[in-house]
Amino acid sequence: MLVSNLELVPGKRTTKHFGLVQGSTVRAKHAGRDLMAGLKNIFGGELKGYTELLQESRQEATDRMIQQAESLGANAVLNVRFSTSSVTQGAAELFVYGTAVVIE
Amino acid sequence: MAAFSDLFIFIILLGLGYGFGQWAERRHYRSIHTREKELAGILVFAERLPPPDPKFKHSSLVGGSVVISIDYFKRFVSLLRSFIGGRVSSYESLLDRARREALLRMKADAQAKGFQNIFNVKFETASISKGKGKQIGSIEVYVYGTALGPGN
Amino acid sequence: MPQYSNAKLPEHINVSKVSPLKDFISLTGGLLAIAFVLAFTLAIVGNWLAPKIPYEWEQRLGDVVESTLLDDFNLNSEHPQRAYLQALVDQLWKLQLTHESSVNTGPNTITVHYVESDIANAFATLGGQIIVTSALLDKITHETGLYFILAHEVAHIKYRHPIQAIGRGVLFSLVLSAFTGSQGDDLLDHLTWNTGSLTLLRFNRHQEQQSDIEALRTLYQHYGHTEGAFEFFEYLVAEEQKADQNENQVPVFLSTHPDTQARIVKLKEIAQEQRWQPMPGKSITLQPLPKFE
């Protein structure tokens, strides 16, 4: 599965357009990570636990989008966009969307 | 006296925040500068359409992200600033560091995958935790783009 | 084929070169100054406005205070002490009204409440009411000492200090909440609130001094001397010294009242300046307090 945020893949021809596919996941941080974050909020610096957590969540969202694309019979998702929003206190939604296509 | 011990804790937190925050920021900037030199060979562009170059045969989505927190001292300064208004300079360096760090991680990702050019780079910034009074505590920056090249 | 390259960008375009410490100092200083000036101005405005409040309004507030006092302390008007105190206060009130200064817009009569309590204290409150605790009567042995305390509280009412204090407080919290209401941050609220409150305390201490002087004057008018006036203050100093050995003392700038020792010294100076002293060679006998059943 080719995933790209370009509209056209150089050297390839798009033969079929399946339309919008999406992947999304909502994740909350857990107490242990929150404790570390509380400390980091005093000292400043990178919150590695959060970086990893969000990276995992984003991967999961991407996987879900790919699942959707596969179910349509596509072999690529183009013009992919990511979006993050904090839904409630301590939880974030990772959202990714794009166009499922067949390229040759 | 409860009021005095509160004040004492507050001053300790301010001091710790200032000391560690400044130290961490300087260290981070040093690391950013050296890695920016190392990864100067990976080119990033915000163009939507890459040039029709025959060597761009393979593509891959690459990205880098970081969650970074502001320290207690700078948060307090920004709080005071929000009362008076004006440029909140204490948050500027936080966002600058986060964007550059994320960009470097994306470049490292592309390098590991054997690419040298990244097109259509997009930034995504989100505030992760908000403290009391809706103060932004930490932010996440995610940067992504499509790496193009002969591939490995 | 166009040329593609990434050049090194100059630093400090997106990040302003401001030392956070400098930022912090100027912001904190500025905010504290604003809070101080605000509290100071509002206190003056409050002081000026409060006596213009019709006395009937204060009376209504005073009734509320009285009813809460009745609930809290289980006031009893049947004590012989109360009648004795009331007689002294009535006498004082007449005496103080003959003095120059502020036209009385206050009450016609002052009500004394006598409260059973282990803490020696007396205070004046809204609606021309004075509360005296039983411990105060136990600690004071002579009439002059009691007379001074009562004269001090009566002077508070004469100058309408209770309504002034409330006026200042209400005005300050109103303006402050209008300012910080949109921010709603605990820390900032604390900072400005505390600075403002400390500023307001200066005005409290000033009121205390004003009443002290008026009380001293009344004392001289009544007795022809000011001996024994500071009996209660001296007791307080002794108590404070005892307390000192146990824990830290509250600094003056955090207190509603002036430092007691300094207060005695200052008042003795004033008594000397104003010649509120007995005729030379005249012997003074202090009258002990009557015994109550």
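A residue counts as buried when its relative accessible area is under 20%. Keep that cut-off in mind as you walk through this predicted model.

**Stop 1: an arginine in chain B.** Select Arg100(B), which sits in helix α3 of chain B, residues 89–112. Its relative accessibility is 14%, so Arg100(B) counts as buried. Now show what surrounds it: setting aside neighbours within four places in sequence, Arg100(B) is in contact with Tyr29(B), Ile32(B), His33(B) and Glu36(B), as well as Glu11(C).

**Stop 2: two helices in chain C.** Move on to α3 (residues 80–97) and α5 (residues 143–158) of chain C, whose axes come within 9 Å and cross at roughly 55°. The two helices are therefore oblique to each other, and their crossing is right-handed. To see the contact, display side chains including Leu88(C), Leu92(C) and Trp93(C) from α3(C), and Leu150(C), Ala151(C) and Val154(C) from α5(C). The residues of this contact divide into 13 nonpolar, 2 polar and 2 charged.

Stop 3: In soluble globular proteins, nonpolar side chains tend to be buried together. Here the largest nonpolar core has 41 residues, and Leu136(C), Leu146(C) and Phe148(C) have the most contacts inside it. Helix α5(C) supplies the largest share of this core, 8 residues.

Zoom in on Leu146(C): which residues does it touch, not counting those up to four places away in sequence? They are Tyr84(C), Leu85(C), Leu88(C), Leu136(C), Leu137(C), Ile140(C) and Leu289(C).

Finish with a second, separate core of 24 residues; select Ile70(B), Ala110(B), Val121(B) and Val15(C), which are among its members.

Notes
Residues are numbered from 1 along each chain as its sequence is written. Chains are lettered from A and ligands numbered from 1 in the order in which they are written. This is a predicted model: local features need pLDDT of at least 70, side-chain atom pairs count only at pLDDT 80 or more; totals for chains, interfaces and linings use all residues. Side-chain values use heavy atoms; hydrogens and water are left out. Axes are lines fitted to C-alpha atoms, for helices over the stretch in contact, and angles run from 0 to 180 degrees between N-to-C directions. Helices (H or I, at least four residues) and strands (E, at least two) are DSSP runs, numbered from the N terminus. Angles under 35 degrees count as roughly parallel, over 145 as roughly antiparallel, 65 to 115 as roughly perpendicular and the rest as oblique. A crossing is left-handed if the near helix is turned anticlockwise from the far one by less than a right angle, and right-handed if clockwise. Contact means heavy atoms within 4.5 Å. Ala, Val, Leu, Ile, Met, Phe, Trp, Tyr, Cys and Pro count as nonpolar, Asp, Glu, Lys and Arg as charged, and the others, Gly among them, as polar. A nonpolar core is a set of buried Ala, Val, Leu, Ile, Met, Phe, Trp, Tyr and Cys residues joined through side-chain atoms within 4.5 Å. Buried means under 20% relative accessible area, exposed over 50%, partly exposed in between (1.4 Å probe, protein chains only).
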